[in-house]
Every structure is written in structure tokens, then in C-alpha cells.
Amino acid sequence: MSRETMINATLAVGLLAVAVGAQAAGWTFTVTLATKVAILALAGVGLNVALGFGGLVSFGHAAFFGIGGYAAGILASHAMLYEPVLTWPVEIEGTRAMPAIWLMAIAASGLAALVIGALSLRTRGVFFIMITLAFAQMIYYFAISWPAYGGEDGLSLGMRNTFPGLDTLDPLSFFAICYVLLMIVLGLSALLHRSRFGMALGAARQNPERLKSLGIDPTRVLLTACVLSAMVTGLAGALYADLNRFVSPAMLSWQTSGEIMIFVILGGVGRLFGPLAGAALYIVLEHSLGGVSEHWQFLLGLILLLVVLFARGGLVGVIAGERRHG
Amino acid sequence: MAEPVLEIRGLCKQFGALRASDNVDFDLLPGEVHALIGPNGAGKSTLIKQIAGEIMPDVGVIRFAGRDVTGLNAVARARMGLARSFQVSSVCGEFTVLQNVMLAVQGRLRRSYRFFRPALSDRRLTDPARAAIARVGLSQREGVRAGDLSHGERRALEIALALALKPKVFLLDEPMAGMGPEGARSLTGLLDGLRHEAPILLVEHDMEAVFALADRISVLVYGRIIATGTVAEIQNDAAVRAAYLGEEEAR
């Protein structure tokens, strides 16, 4: 077993142990924090597909996180009022069932990424960063100015949505749902990384001109990666809405995009479990230092600076050493 | 005469005041090695890029495998069977030799949108890739990161990538660039074997290699083809000697 595999296993088991232990001790708030780590890590795993594997610095992933959140909020609020979300061209009923909500969140964020990606991928580098940011900001201001779903005040979900056979209001049950989804997506992400598509994606990052000369269109590969990436982050958004039982435009703000990017960079860009390490460190810092000083983000900034300057492989990279290929 | 695989007519490309391609006509016949030589800045690389579809000509027609491909992009032309190697080795440095060549196989099979199965255990990719690697003599190095290869090994990897595409035409842009005499000789032997798979358009500065390999030579000077002929014809062409070969003999 390589050192990185051991770190990954430790992270996975560690998060589970924290949640189960806290539940046993009756610290429900800690269970909620562990759930938050799992959800934010999932959002980061999504971004990592575009940023880590494909080298696409998207500064607009809040758009997909928020779209996933609003998908959950809108479907749930319609279910409460017994009003269909859409009657034309297809009738979409509101629902409180998580699996249906997840599918809608994944579909909606994937569709948004298809449009945003197709337009953004006409550019690369710093222009790509700016154009993804611009799209996310457009959606943010749209959400603020759309009174039907709460506008600036956001939208309350009331009860938590349901999952067959589980009491989702029980903190550990909801944690289990998020944790299992995170592990499934991490597994899929590992498969993707080693697959033919993963190889083409890595080549699109390293040498797009060469990829073209081999008859593979890098732009199509990157667009596919954008869509997959957004689907995962959208799913995380739906879970986040359920965690807080509330959706607001803050989920769509550029700060959220920045935070998701921080998870990935802290943990290690392109490292499979990097987003989990990054999200865990972020939440630990926020809650250990946030109580001491409201300027805890100063320290976060310092750590981020150190990682970028001295440890490009992030936390996972520092412990696991040089990345192994193949 | 056999139908040319690659046929270029009246190609013009101008960068500002510089005529990089000036009414270029060029044919590549089945089974031949057609070398393109000329002094630095003559427009050889610009011509290769236009044939590969990386830059578009201002005027002119490029026909490949019986089809007008002038409007097609580089990806479409590669899929039609145009394999090019780069003057400066262009590989994926983080990938191993094997992975680089597997990518070429994957491009040829046009099956890149597979998301679950590990590529490294997919024999439809690894078998043809290993065969191409063996041809260029890199079998011992298949697990080495391309970025860690020596210059000569990277040149060989370039050839393996082209081989793995099983192309209809090889466009080789200075395959000998930066090779020592020993390496150049072994590469010449390797290229000599390639001609049986597909015709080669060879851009090269190494005259020894050109004279050993080429069936025909075209000489490009200031964007114009000033002569096309057999090795003997080109060696005895007064205009060519004045413009190009003479410079070397004068030393």
C-alpha cells in the first residue's frame, strides 16, 4: 500500500470515527460539523476533476453548488405547497425525496456547466477564470432579484428532505447519507482518473496541441470534464441545502467559489483525497480559531500562502511525498 | 503515375510582409520519402503546420487521401490518418512512455470517452502501444516518465506516437534535431523501415539522412519551392547549390 493510499484510508476512517464517536458521546454539533466536512469535500472532489485533473481553474463553481442547493430548495418548497414546479413543457412536481432531488440537482448543474463550459472554453488561463466568475456572478444576482424563491432572504426548506428507510433528522443518519455519497463519488473519481478519459484529460492539461495531433479534441474532453465536475459539486449543493434546511444566494457567491478552491489547494491539487483533507482542515480552523478571534481567516490565508509557496502538493502531498504516476 | 496521397496546390501564407509560403505546389506519392529541405526561415515549419491544420493558408488547396481538407482542423486531419511529429519534442511529460503511446492508440480507435475501466489494464491499448514502443527500441523504458527521458529517447517516442496512429502519411518535422551522429544513424535506419507503412514527408537539416532516405527532394527558399527532383538531380542543380547546398561546401 502506498503512503498516499494509507493517508486516504486514514482520512476516510477518521471522518467516520469522528462522527460515530461524537454521536455516541451526544455531541450532535460535532456530528453536524463532520457532515459539513463530507459535503464540502464532495464539492471539492467535483472541482478537483476540472481543476486538478484537467487544469481548468474554474472560479465559478459556486454556480453549480448554488444550483444544486436551489434545486433542493425549489423542489421541497413546491412539495410543501402541493404546486408543480413546471407545467410546461413537462410537468415537474415538487418532491421531498432526496434521491429525486439529487437527480434534479445533478441534471440542472450539469446542464448549466454544458452552457457555461462551452462558452468559457473558448478561452484559457486567466480569461477562463474571469469568465467562469462572471457567469457565477450573473446567476448570483439573478437569485437575489428573483422574489419567487426568497430573493436576497433565501428560501427555507422547513423539514429536512426524506430518504427511504432513514430518519434524516437524526444527525448520524444524515451524516451517513453524505459520507456514503462522498465515498461513492471518490471511488468513481479514482476510476475516472485511471480510465481512458482520465488519460485524455491529463493530456489536455499537459499538452493540448499534442492531443489534437493524435485526433482527440482537447476542448471536447475539457467540456466533458466541466460537466462531470459540476454535477458532483451540484450534488454537494443539494446536500448542503438539506444540512442547513435553508438555501440562500450566499451559496452562489464568489466567496463560495473561493472556498471550494481553497479546499482543493489546501489538500493538494489533483490528489484524490485532497479535497477531504482541505475541507477538514478548513472546518477545524474555522471552529477552533473562529471562537478565539473573528480574524481566523488571517491564519487560513497564511497557511494557504505556505502551501502555495512551499508545498504545491498540499497537505496530502506533504505527507505522501512526490506524486506517483501511472 | 500513381495518385498522390497528399497534394498541395498554390498554397500561400503571409505573415505581415513575410511570405512564408509563396505559391507552393507539393506532392507526396504512395510509398515515397519526399524530403523538404531549405535554409532556416525558409518556411518549412509553416508549411508543415498548414498541412497538419494548425494554421490555415491564405490561398490554396490541400488534398489528402482524395479529399479537400483545406477547411478541416488539426483533429479532423489527424483522424483521417495524418500523423505529425514535432520539431521540438512534444509529449506529455508527466505520463510514462507507455501512457503517451496508449493515448495515440486511443486516438486512433476513437474511443476516449470511457470513464470506468482502467486504461493501463486494457490490452486493446497496451498491446498496440507496446508494439510501437518496441519498434523504436524503447521497451526497456516504457515505465519511465516522458519528462525524464533523454533527448534521443524523446525523439524516438515522437516516432512511436506517429507509428501507433497507423497513419496514411507521416509528417516528420526534423526528427533528427539535436541528435548526435550515432543517434542520427540509428534513427535513419528506423525511418527507412517506416516508408513501408506510409509515405513520409520529411523535413530535415541533416543532409546525410536526407540523401540516405529520400526518393525525392524539394527545396524551399523564401517560401518558394525552387526545385523538386531525385537526390542526384538536386545535388547537381545549380540554383539549389547557390541557394543552399553551396553554403555548406564553401565552409
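**A guided tour of chains A and B**

The crossing of helices α4(B) and α5(B) is right-handed. To view this crossing in the predicted model, select residues 123-135 of chain B for α4 and residues 151-164 of chain B for α5. The two axes come within 9 Å and cross at roughly 135°. Because of this angle, α4(B) is oblique to α5(B). Next, display the side chains at the contact: α4(B) contributes Pro128(B), Ala129(B), Ala132(B), Ile133(B) and Arg135(B), while α5(B) contributes Ala160(B), Leu163(B) and Ala164(B).

Ala160(B) belongs to the largest nonpolar core, which has 186 residues. Together with Ala38(A), Leu42(A), Ala71(A), Leu235(A) and Val101(B), Ala160(B) is among the members that touch the most other members. In soluble globular proteins, nonpolar side chains tend to be buried together.

Now centre the view on Ala71(A). Beyond its neighbours within four places in sequence, Ala71(A) is in contact with Ile101(A), Met104(A), Ala105(A), Ala108(A) and Ala238(A).

Return to chain B for the sheet. Four strands form an open, antiparallel sheet in the order β2-β1-β4-β5. At its edges are β2 (18-28) and β5 (67-68) of chain B, each of which pairs on one side only. Select residues 6-15 for β1(B) and residues 59-64 for β4(B): 5 bridges join these antiparallel strands. Within this pair, Glu7(B) stands opposite Arg63(B) of β4(B).

Definitions and conventions: Residues numbered from 1 in each chain as written. Chains lettered and ligands numbered in written order. Predicted model: local features only at pLDDT ≥ 70, side-chain atom pairs only at ≥ 80, totals over all residues. Pairing = 2+ DSSP bridges. Helix = DSSP H or I, 4+ residues; strand = E, 2+ residues; numbered from the N terminus. Core = buried A, V, L, I, M, F, W, Y, C linked by C-beta atoms within 7 Å. Buried ≥ 20, exposed ≤ 12 C-beta atoms within 10 Å, placed from the backbone. Contact = placed C-beta atoms within 7 Å. Axes fitted to C-alpha atoms, helices over the stretch in contact; angles between N-to-C directions. Parallel < 35°, antiparallel > 145°, perpendicular 65-115°, else oblique. Left-handed = near helix turned anticlockwise from the far one by under 90°.
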